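Here's a quick briefing to read alongside the model. Have the sequence and the coordinates open as you go.

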Amino acid sequence: MKITIIGTGYVGLVTGACLAELGNDVFCLDVDQRKIDLLNNGGIPIHEPGLEEVVARNRAAGRIQFSTDVAASVAHGQLQFIAVGTPPDEDGSADLQYVLAAARNIGRHMDGFKVIVDKSTVPVGTADRVAAALQDELGKRGDAAAGSEFAVVSNPEFLKEGAAVEDFMRPDRIVIGHGDSPAGLRARDLMKVLYAPFNRNHERTYWMDVRSAEFTKYAANAMLATRISFMNELANLADRVGADIEAVRHGIGSDPRIGHSFLYAGAGYGGSCFPKDVQALERTARQYDQELLILRAVEAVNDRQKQVLGRKVVQRFGADLAGKRFAVWGLAFKPNTDDMREAPSRVLLRELIERGASVAVYDPVAMEEARRVLALDLAPEQLEKIDFKAAPMDALHDAEALVIVTEWKAFRSPDFDQIKARLKNPVIIDGRNLFDPAQMTALGVEYHGIGRSVLTGRPGQDGQQEAQA
Ligand SMILES: NC(=O)c1ccc[n+]([C@@H]2O[C@H](COP(=O)([O-])OP(=O)(O)OC[C@H]3O[C@@H](n4cnc5c(N)ncnc54)[C@H](O)[C@@H]3O)[C@@H](O)[C@H]2O)c1
Ligand SMILES: O=c1ccn([C@@H]2O[C@H](COP(=O)(O)OP(=O)(O)O[C@H]3O[C@H](CO)[C@@H](O)[C@H](O)[C@H]3O)[C@@H](O)[C@H]2O)c(=O)[nH]1
């Protein structure tokens, strides 16, 4: 099929590349000329495992093209995917300006039947606004195409960064919301053909009305964020009462009604989705005079959890960190990505620097993006306190402690003798619970995990700051 993808970011590029991989003829549009030039020169603007190969293969086969030409993009696909950003507005609601601009562009140039597929994460009711914006543009036209038909369907995306290609190619489910007008049913039939290759083994598509599909996306992210905040809150309590949150995780996850996924306590959730989507759903509820109490707490717990590593440093080394140096491993909000959006490392670095410390940092792929983002977060003299190192062990020299923020695979089995030899004190503060506390004690490492104080003989102590917060 001929498909246009509007927005060539994480979701648009992965969607375009994967649909091309299935034999479709894909046109990727973006307003960012630099991004399009980079892609046309064989580059990839994001770090996403496997993506470069899929893009290269399909570019060579002539199945994917990149352009800023709006008219050509509208002419190309009968299916027009909207995959532009929906960042939080000042009040936390989703900013729909890019989505509506894309809709207007389609209305301005379309000629004949089009299906607008909303892949961006958008509040319930957005499809109606997309249809209205597009219709408004059509109404301004005096040509024969002004009466063109269209349908808006909702097809939210559930891929995770760092595993985006895999998630897209092997989805747990495909959610499609469509209307039941003749145009809506025609759109449903085209979507059925498009997604048929994903349904060969078993049917993965859930067909529903448009509003339910829009809602499903927020419900999924809100549920996952809730599980994380729930576990983080319990981990802080475990630190105080002397229980091991990892044992508790296994103990509850073995109940199939609960399951093992997304129960890892840590330094808080980040990324471009959970923080903004939880906020946006709360905002939608308020617009309808309802308060989502659970989600308000999920957000508050996460804001506090992002400070947990800073609190553990202060608890161990005191509030005044002037003249002290710390090593930080991991900057990206999660492994296998260079995405720094809402990354807990940003909260930690700010706190350490504001308390007078200097920091040596290392991340396997996010160093360049971190430099860009931290330059926006911090004043120039604060930025100077950050030393970007080329290898994890280089960050340890003269540091009071190693703080781990992101669970990259390369950090899982380090040489602890080297770590001990380089650090000033053999202290590891682990925001992702990578290591076995008993093994750390045996190795002579003073280990502070999240919710694991019972195993290091410090129940009550590691939790003190949480109690005061
Ligand atoms: N990143 C994820 O893991 C993920 C997963 C599922 C859903 N989502 C949702 O998908 C949407 C896109 O997210 P993303 O992370 O891919 O964003 P992104 O910021 O990486 O990419 C968005 C792209 O859209 C382009 N753009 C903006 N306006 C445009 C226009 N009028 N025409 C053409 N291009 C335009 C931007 O230049 C940018 O390249 C959001 O709603 C997000 O919530 C994201
Ligand atoms: O048990 C867990 C699992 C995750 N996290 C953190 O949660 C954040 C988000 O992780 P993850 O969900 O793996 O990454 P995202 O790429 O943000 O993906 C989420 O957001 C996307 C955008 O909406 C959705 O498409 C995905 O389904 C959804 O998982 C990261 O900071 C993780 O460190 C935890 O702290 N504990």
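What radius of gyration would a compact globule of 469 residues have, and what does the protein have? A compact globule with 469 residues would come in near 23 Å, and the protein has 24 Å, which agrees. That radius is taken over C-alpha atoms, and the globule rule is 2.2 Å times the number of residues to the power 0.38.

Two housekeeping notes. Residues are numbered from 1 along each chain as its sequence is written, while chains are lettered from A and ligands numbered from 1 in the order in which they are written. This is a predicted model, so local features need pLDDT of at least 70 and side-chain atom pairs count only at pLDDT 80 or more, whereas totals for chains, interfaces and linings use all residues.

**Confidence**
- Mean pLDDT (the predictor's confidence in each residue, from 0 to 100) is 96 for the protein, with 99% of its residues at 70 or more.
- For the complex, the predictor gives an ipTM of 0.98 and a pTM of 0.95.
- Residues 465–469 stay under 50 in pLDDT, and the model has 9 contacts for them beyond four places in sequence. A contact means that two C-beta atoms, placed from the backbone, lie within 7 Å.
- Where pLDDT is low, the predicted coordinates should not be read in detail.

**Overall fold**
- The protein has 19 helices and 14 strands; these are DSSP runs numbered from the N terminus, with helices (H or I) of at least four residues and strands (E) of at least two.
- Along the principal axes, the C-alpha atoms fill a box of roughly 75 × 45 × 45 Å.
- Of the 469 residues, 46% count as buried. Buried means 20 or more other C-beta atoms within 10 Å of a residue's own, exposed means 12 or fewer, and partly exposed is in between, with C-beta atoms placed from the backbone.
- Among contacts between residues at least 6 apart in sequence, 75% join residues at least 24 apart.

**Domains**
- The protein splits into domain 1 (2–208) and domain 2 (243–468), with bounds from an automatic or database domain assignment.
- Their C-alpha centres lie 35 Å apart, and 16 residues of domain 1 are in contact with 15 residues of domain 2.
- The side of domain 1 that touches domain 2 has 8 nonpolar, 5 polar and 3 charged residues. Here Ala, Val, Leu, Ile, Met, Phe, Trp, Tyr, Cys and Pro count as nonpolar, Asp, Glu, Lys and Arg as charged, and the others, Gly among them, as polar.

**Ligand shells**
- Ligand 1 is surrounded by 26 residues, the closest being Gly7, Gly9, Val11, Ser120 and Thr121; α1 (10–21) and α5 (97–109) are the elements giving two or more residues. A residue is near a molecule if its C-beta atom, placed from the backbone, lies within 6 Å of it.
- That shell around ligand 1 divides into 12 nonpolar, 9 polar and 5 charged residues.
- Ligand 2 has 21 residues around it, with Glu161, Tyr264, Tyr269, Gly271 and Cys273 the closest.
- The shell around ligand 2 draws at least three residues from each of domain 1 and domain 2, and its largest share, 3 residues, comes from α9.

- Most residues other than glycine have a negative phi.
- Phe262 has a positive phi of about 55° and sits in the loop between α10 (245–253) and α11; with 15 C-beta neighbours inside 10 Å, Phe262 counts as partly exposed.
- Asp398 has a phi near 65° and lies in the loop between β11 (386–388) and β12 (402–404); Asp398 is exposed, with 12 other C-beta atoms within 10 Å.
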